[in-house]
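Take a look at the chain shown here.

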Amino acid sequence: MPRPFRFGVNLLTPSPAAEWRATCRRAEELGYDVILVPDHLGTVAPFPALVAAAAATERPRLGTFVLNAGFWNPALLAREVAATDALTGGRLELGLGTGYVQSEHETAGLPFGSPRERVDHLRHTVEELDRLLGSRDHQPRPAQERVPLLIGANGDRMLRLTAEHADIAAFTGARPGRATGTLEPLTAEELDERVTRYRASAAGRAEPAELNLLLQLVAVTDDPEPVLEPLLERQPQLTLEQALALPIVLVGPLDDVVARVRAQREQFGFSYLTVLEPYMEAFAPVMARLREESA
């Protein structure tokens, strides 16, 4: 049997307390299972935002999507994770990645390093978190026996690390672009190769991980071309048909979009889908239809 769907929304916009609470409540009303926050300069501060989200909601899980490991000292991060999990009543899901925006590290006065160095630092962070949070002597204590770990990955070493440690394997559906700090989308064939490589690395796991995909564009419409024009301007190598076929793009009539979500779960195993805040409302009817069909 396929794993049941879960749906998350990544909230990007810093806002005053009342507005933040209202956005979180709206996400809960729409049926999102997870409220997520990123870790970029200029967006929300992850852990205070999640504690505030917990106070405004009752049901959704709360997660980082994803923390930039280069911003964090593992011992200090363990304190933040444990305290946030306790303050949210055991609703935290920890998402980690290497970070890919060099200018943010420069602004913060932190080393960026080579891809290998960033993956090495992430591995060290994951292993230290396991050691520290797994110790009964660590204070504060998280509410959960184990805070679920999500790792966002695409490269070979990252996929191996994800297979070894992550409860949730998050696929970006994109690769670093030619311009620094940009991403280029993967085709369905390229993403299938990445998932296949991950599965080979994860073949010995006792429990299979949940597979996640971040959707970059969502629109329920009978006229997809105007919606896709900004993407085609940023990615001039794509035709309209190629853009519509990208796994991270869900644009079209409701029936077609719902069918694509089901097909991608069957092909790739993606049962946990994350949308960006601007598409929170647009994705709601897709969630509703999928849940009706599963009832």
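Leu-96 stands opposite Ile-151 in strand E6. This comes from a predicted model.

Strand E4 (residues 67-68) runs parallel to E5, and two bridges join them. Here Leu-67 stands opposite Leu-96. Strand E3 (residues 61-64) also pairs with E5 in the parallel sense, over two bridges. In that pairing, Leu-62 stands opposite Leu-92.

A helix comes into the picture too. E4, helix H3 (residues 74-87) and E5 make a β-α-β unit. The unit is right-handed.

## A covered strand

How many of the six residues of E5 are buried? The count is six of six, across residues 92-97. The strand is mostly covered.

Look at the two sides in turn. In a regular strand, side chains alternate between the two faces of the sheet. On one side of E5 sit Leu-92, Leu-94 and Leu-96. On the other sit Glu-93, Gly-95 and Gly-97. Both faces are covered, and these residues are all buried.

## A buried charged pair

Side chains of opposite charge can pair when their charged atoms come close. Glu-93 meets Arg-6 in a salt bridge, at 2.9 Å from N to O. The pair links distant parts of the chain: Glu-93 is in strand E5, and Arg-6 is in strand E1 (residues 6-10). They are 87 residues apart. Glu-93 is buried, and Arg-6 is buried as well.

This pair is part of a network of salt bridges. The network links Arg-6, Arg-61, Glu-93 and Glu-210. A search of the whole structure finds 22 salt bridges.

## Arg-146 and two aspartates

Which residue forms a salt bridge with Asp-130? The partner is Arg-146, with the closest N and O atoms 3.5 Å apart. Asp-130 lies in helix H5 (residues 115-133), while Arg-146 lies in the loop between H5 and E6. The two are 16 residues apart, and the pair links distant parts of the chain.

Arg-146 also forms a salt bridge with Asp-167. The closest N and O atoms are 3.0 Å apart. Asp-167 lies in the loop between helix H6 (156-165) and strand E7 (168-171), and Arg-146 in the loop between H5 and E6, so the pair ties together parts that are 21 residues apart in sequence.

Are these residues buried, exposed or in between? Asp-130 has a relative accessible area of 34%, so Asp-130 is partly exposed. Arg-146 has a value of 38%, so Arg-146 is partly exposed. Asp-167 has a value of 27%, so Asp-167 is partly exposed.

## An exposed loop residue

Where is Asp-222 placed? Asp-222 is in the loop between strand E11 (217-220) and helix H8 (224-234). Its relative accessible area is 71%, so Asp-222 is exposed. The cut-off for exposed is over 50%.

Asp-222 also gives a sense of distance. Asp-222 and Val-81 are 141 residues apart along the chain. Their C-alpha atoms are separated by 44 Å.

Methods: Residues numbered from 1 in each chain as written. Predicted model: local features only at pLDDT ≥ 70, side-chain atom pairs only at ≥ 80, totals over all residues. Heavy atoms only, no water. Helix = DSSP H or I, 4+ residues; strand = E, 2+ residues; numbered from the N terminus. Buried < 20%, exposed > 50% of the residue type's maximum accessible area, 1.4 Å probe, protein only. Pairing = 2+ DSSP bridges. Right-handed = clockwise from strand over helix to strand, strands pointing away. Salt bridge = Lys/Arg side-chain N within 4 Å of Asp/Glu carboxyl O.
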